[in-house]
Amino acid sequence: MGPATAIPLGFVLLTGLAIYLASRARHSLLHSQVTRTLHTSGQFALRSIIFILTVLVVLSMVLGLDMLLGAFAAGVLWKVAIARAPEQDRKVIEGKIDAIAFGFLVPLFFIDTGIDFDLRALTASPAALALVPLFLLLLLIIRGLPSLPAAPPKSSHADKRAIILFGATGLPIVVAVTGIGRDEGLISGGIASALVGAGMLSVLLFPLLAVRQHQRRPSETSARQKESP
C-alpha cells in the first residue's frame with residue numbers, strides 16, 4: 001500500500017474512530033455547557049464546531065487531502081456529539097450554523113472558485129468549450145437521475161423533474177475533484193475549466209428550472225381533476 005492510499009485511509013479510520021467514540025459517550029458536560037451559553041456571548045456550541053472544523057480542515061490539508069473532506073468529517077462529528085442534546089437547543093444551534101455557513105463560508109468558497117476559474121483556458125479551446133453542455137447533460141444523468149428514488153410516493157411528474165434538477169446541481173464536488181485531477185496531471189486545464197463551468201451553470205440554471213417545474217404543479221393537478229369523472 002503506497003502513501004497515496006495509506007494517507008486517505010488513515011484519515012478515514014481516524015475520523016471513523018472519533019465518530020464512534022463520540023457516539024458512545026453521553027456528553028452531558030458538553031450539552032450543559034452548550035445550553036448554558038446558547039444565548040450568551042460565550043456561544044460554546046459555535047466555538048466548538050469552528051474549532052473542530054479548523055482542526056480537521058488543517059489536518060486534511062497537511063495530509064494532502066481536499067479540505068472539503070475535513071469539513072465534512074467535522075460536520076458529522078459534531079452532529080454525533082450533539083445528537084443527545086435537548087431538541088430545542090439543537091434547532092437553535094443548527095439555525096446559527098446555517099447562518100454562518102450559508103451567510104459567510106459558502107460565499108467565500110464561491111469567491112475563491114471564481115478567482116481560481118481559468119476562463120482563458122476554456123475560451124482558448126473550442127473543444128473544451130464544446131464540452132460544457134456535454135458535462136451539463138452528464139450532470140443530469142449521473143447526479144440527477146439517481147436522485148429520483150428520493151421522490152415521495154405519488155409525486156407528480158413536475159415534482160420528479162424538479163428533484164432531478166435539484167439533484168443534478170453540483171459545484172463544490174466538481175471543484176474538489178477537478179482540482180485534484182489537475183494537480184496530479186490527470187486532466188488538462190481546459191477540461192477542468194469545462195467541468196467547473198458546467199458546475200457553475202448547474203448552480204445557476206437547474207434550481208431555476210426546478211422551481212418553474214414546481215410552480216407548474218398546480219396547473220397539472222387542476223388539469224387532472226378536470227379530466228377525472
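The model is predicted, so local features need pLDDT of at least 70 and side-chain atom pairs count only at pLDDT 80 or more, while totals for chains, interfaces and linings use all residues. Residues are numbered from 1 along each chain as its sequence is written, and side-chain values use heavy atoms, with hydrogens and water left out. The protein has eleven helices and zero strands, where helices (H or I, at least four residues) and strands (E, at least two) are DSSP runs numbered from the N terminus.

**Overall shape**

- Along the principal axes, the C-alpha atoms fill a box of roughly 60 × 60 × 35 Å.
- Of the contacts (heavy atoms within 4.5 Å) with a separation of 6 or more, 72% are between residues 24 or more positions apart.

**Helices α3 and α4**

- Helix α3 (residues 44-62) packs against helix α4 (residues 67-81) at about 145 degrees, with the axes 8 Å apart; axes are lines fitted to C-alpha atoms over the stretch in contact, and angles run from 0 to 180 degrees between N-to-C directions.
- On the α3 side the contact includes Ile49, Ile52, Leu53 and Leu56, and on the α4 side it includes Ala74, Leu77 and Trp78.
- The residues of this contact divide into 13 nonpolar, three polar and no charged (Ala, Val, Leu, Ile, Met, Phe, Trp, Tyr, Cys and Pro count as nonpolar, Asp, Glu, Lys and Arg as charged, and the others, Gly among them, as polar).

**Helices α7 and α8**

- The axes of α7 (residues 126-144) and α8 (residues 157-168) come within 8 Å and cross at roughly 105 degrees.
- That angle makes α7 roughly perpendicular to α8 (65 to 115 degrees).
- Leu139, Leu140, Arg143 and Gly144 of α7 meet Ile164, Leu165, Gly167 and Ala168 of α8.
- Five of the residues in this contact are nonpolar, two polar and one charged.

**Loop residues with positive phi**

- Most residues other than glycine have a negative phi.
- Gln43, in the loop between α2 (28-36) and α3, has a positive phi of about 45 degrees.
- At 17% relative accessibility, Gln43 counts as buried.
- Lys154, in the loop between α7 and α8, has a positive phi near 60 degrees.
- Lys154 counts as exposed (over 50%), at 87% relative accessibility.

Terms used: Parallel < 35°, antiparallel > 145°, perpendicular 65-115°, else oblique. Buried < 20%, exposed > 50% of the residue type's maximum accessible area, 1.4 Å probe, protein only.
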